[in-house]
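Please keep the sequence and the model open while reading.

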Amino acid sequence: MSNISSSPAPSREQLLSRQELIISKTDQKGIVTYANRTFMKISGYREDQIIGCPHNFIRHPDMPRTCFKLLWDTIQTGNEFFAYVINRCNNGDFYWVLANITPDYSASGELLGYYSVRRAPTREAINKIIPIYQKMLEIEQQSSADTGMQRAQHYLIEQIAHTNLSYQEFILNLDQGEC
């Protein structure tokens with residue numbers, strides 16, 4: 001169960017099996033254009049409740065906004081992005097994923113939108129990322145929106161700096177239990 005913030009905690013954690021993948025596609029503005037059955041099953045939303053909505057409708061309040069700014073800054077430059085994400089289910093439950101988001105291009109090279117594949121993270125990785133996210137949320141809440149996100153991103157960079165890894169290497173090694 002998540003204990004990241006003082007907001008009302010969801011009732012229970014929903015778990016993905018190691019074999020399940022959540023897959024979705026969005027347009028360039030983050031509006032969902034495709035969601036697989038696993039996404040619908042774990043989130044508790046029907047297809048007609050998902051398609052056409054901003055992908056952030058499942059954002060959990062314990063997830064730092066800074067992570068999504070970093071995501072958008074990264075994918076809009078054409079690079080892929082990895083992150084641990086806690087999402088909220090339709091019934092108030094929650095689930096953790098290791099997300100990979102990549103730009104989706106047409107055959108002619110035109111950006112169509114973004115493609116995301118999410119899988120079950122290890123419990124060890126979740127336990128390591130929770131204190132980082134807790135501190136980032138605290139920092140975000142202590143300042144104005146822009147200043148708070150800048151300070152939270154600086155904190156995240158400081159946490160990664162001692163590992164001598166890039167952000168993406170840190171995230172991927174965290175899931176492998178190496179950080």
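Which residues are buried in α4? In this predicted model, the buried residues of α4 are Ala125, Ile126, Ile129, Ile130, Ile132, Tyr133, Met136, Leu137, Ile139 and Glu140.

An α-helix has 3.6 residues a turn, so residues three or four places apart point the same way.

The cover over the buried residues of α4 comes from elements that include the helices α3 (65-75), α5 (145-161) and α6 (167-175), together with the strands β3 (81-88) and β4 (94-105).

## Aromatic pairs

Four aromatic pairs are found when the whole structure is searched. In one of them, Phe81 and Tyr167 are stacked, with 5.3 Å from centre to centre and 15° between the planes. This pair links distant parts of the chain, since Phe81 belongs to strand β3 and Tyr167 to helix α6, 86 residues apart. Both Phe81 and Tyr167 are buried.

Trp96 and Tyr133 also form a pair, and with ring centres 6.3 Å apart and planes at 20°, under the limit of 30 degrees, the two rings count as stacked. Because Trp96 lies in strand β4 and Tyr133 in helix α4, the pair ties together parts that are 37 residues apart in sequence. Trp96 has a relative accessible area of 4% and is buried, and Tyr133, at 1% relative accessibility, counts as buried too.

## Charges over rings

Two arginines are placed over aromatic rings: Arg59 lies over the face of Phe68, at 4.2 Å from the ring centre, while the charged end of Arg118 sits over the ring of Phe39, 5.0 Å from its centre.

## The setting of Glu20

Glu20 is found in the segment before β1 (21-27), and its relative accessible area of 16% makes it buried, because the cut-off is under 20%. A polar atom of the Glu20 side chain lies 2.9 Å from the backbone nitrogen of Ser17, and the side chains of Glu20 and Lys41 are joined by a polar contact of 2.5 Å.

When neighbours within four places in sequence are left aside, the residues in contact with Glu20 are Leu15, Thr38, Lys41, Arg118 and Arg119. Among them is Arg118, whose charged end sits over the ring of Phe39.

Key
Residues are numbered from 1 along each chain as its sequence is written. This is a predicted model: local features need pLDDT of at least 70, side-chain atom pairs count only at pLDDT 80 or more; totals for chains, interfaces and linings use all residues. Side-chain values use heavy atoms; hydrogens and water are left out. Buried means under 20% relative accessible area, exposed over 50%, partly exposed in between (1.4 Å probe, protein chains only). Helices (H or I, at least four residues) and strands (E, at least two) are DSSP runs, numbered from the N terminus. Contact means heavy atoms within 4.5 Å. Rings of Phe, Tyr and Trp (its six-membered ring) pair if their centres lie within 6.5 Å; planes under 30 degrees apart count as stacked, over 60 as edge-to-face and the rest as tilted. A charge sits over a ring if NZ of Lys or CZ of Arg is within 6 Å of the ring centre and within 35 degrees of the ring normal. A polar contact is a pair of N or O atoms within 3.5 Å; within protein, one must be able to donate a hydrogen and the other to accept it, and residues adjacent in sequence count only if both atoms are side-chain atoms.
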